[in-house]
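Hi everyone, thanks for having me. I'd like to walk you through one structure today, so please have a look at the screen.

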Amino acid sequence: GYYRAMFDPSRQAPELAAEQAATGGVPPQPTLYLHGTEDGCLSVGLAANVDGFLSEESEVAIIEGTGHFLHVERPKEVNDRILQFLEG
């Protein structure tokens, strides 16, 4: 239900309107967006245009052969990528 509600406003809780609206804007800080190529929950195709929803100096990393929980499947690779982003 969580993922369906993300893309269907009729499924969103009215009492959380402020929080939901905040997630629709571009984050003010640079962001590292990670996505697995084998994500069966949110297709990797969703990452194709993610740049338009991120602030300047953000980065997108597609991790080959990982699913929705890429940080569990490949913790070293994901951690290394996060450290690389943070170190600039």
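**A helix and its salt bridges**

Let's begin with D80 and K76: they sit four residues apart in helix α4, so about one helical turn separates them. Helices here are DSSP runs of H or I with at least four residues, strands are runs of E with at least two, and both are numbered from the N terminus. The side chains of D80 and K76 meet in a salt bridge, 2.7 Å from N to O. By salt bridge I mean a side-chain nitrogen of Lys or Arg within 4 Å of a carboxyl oxygen of Asp or Glu.

Before I go on, a word about where this comes from. This is a predicted model, so local features need a pLDDT of at least 70 and side-chain atom pairs count only at pLDDT 80 or more, while totals for chains, interfaces and linings use all residues. Residues are numbered from 1 along each chain as its sequence is written, and side-chain values use heavy atoms, with hydrogens and water left out.

Back to our pair. D80 has a relative accessible area of 38%, so D80 is partly exposed. K76 has 59%, so K76 is exposed.

How many salt bridges are there by this rule? The count comes to three. Another one joins the side chains of R74 and E77, at 3.3 Å from N to O. R74 is partly exposed because its relative accessibility is 31%, and E77 is partly exposed too, at 36%.

Then there's E59 with R81, where the closest N and O atoms are 2.5 Å apart. This pair links distant parts of the chain: E59 is in strand β2 (residues 59–63), R81 is in helix α4 (residues 75–87), and they are 22 residues apart. E59 is partly exposed, with a relative accessible area of 30%, whereas R81 is buried, at 15%.

**Zooming out**

Okay, the whole protein now. It has four helices and two strands, and from the N terminus on the elements run α-α-β-β-α-α. The C-alpha atoms fill a box of roughly 40 × 30 × 20 Å, taken along the principal axes. Of the 88 residues, 23% are buried.

G36 is in strand β1 and is buried, with a relative accessible area of 0%. G36 and L16 are 20 residues apart in sequence and 29 Å apart in space, C-alpha to C-alpha.

Now try P30, in the loop between α2 and β1. P30 is partly exposed, with a relative accessible area of 39%. Along the chain P30 and L86 are 56 residues apart, and their C-alpha atoms are separated by 9.8 Å.

And please find E57, in the loop between β1 and β2. Its phi is near 70 degrees, which is a positive value in a residue other than glycine. E57 counts as exposed, at 66% relative accessibility.

**The largest pocket**

Next, empty space. Rolling a probe the size of a water molecule over the atoms shows where empty space is left. On a 1 Å grid over the protein atoms alone, a pocket is an open set of points where a 1.4 Å probe fits, with protein on both sides within 12 Å along at least five of seven lines, and lining residues have an atom within 4 Å of a point.

The largest pocket has a volume of about 1100 Å³, the volume being the space filled by probe spheres set on the points, with grid points joined across faces, edges and corners. Which residues lie nearest its centre? They are M6, F7, T23, Y33 and V50, out of 27 lining residues. α1, α2 (17–22) and β1 (32–36) each supply at least two residues of the lining, and the largest share, five residues, comes from α1.

The lining divides into 16 nonpolar residues, ten polar and one charged. Here Ala, Val, Leu, Ile, Met, Phe, Trp, Tyr, Cys and Pro count as nonpolar, Asp, Glu, Lys and Arg as charged, and the others, Gly among them, as polar.

Note on methods:
Buried means under 20% relative accessible area, exposed over 50%, partly exposed in between (1.4 Å probe, protein chains only).
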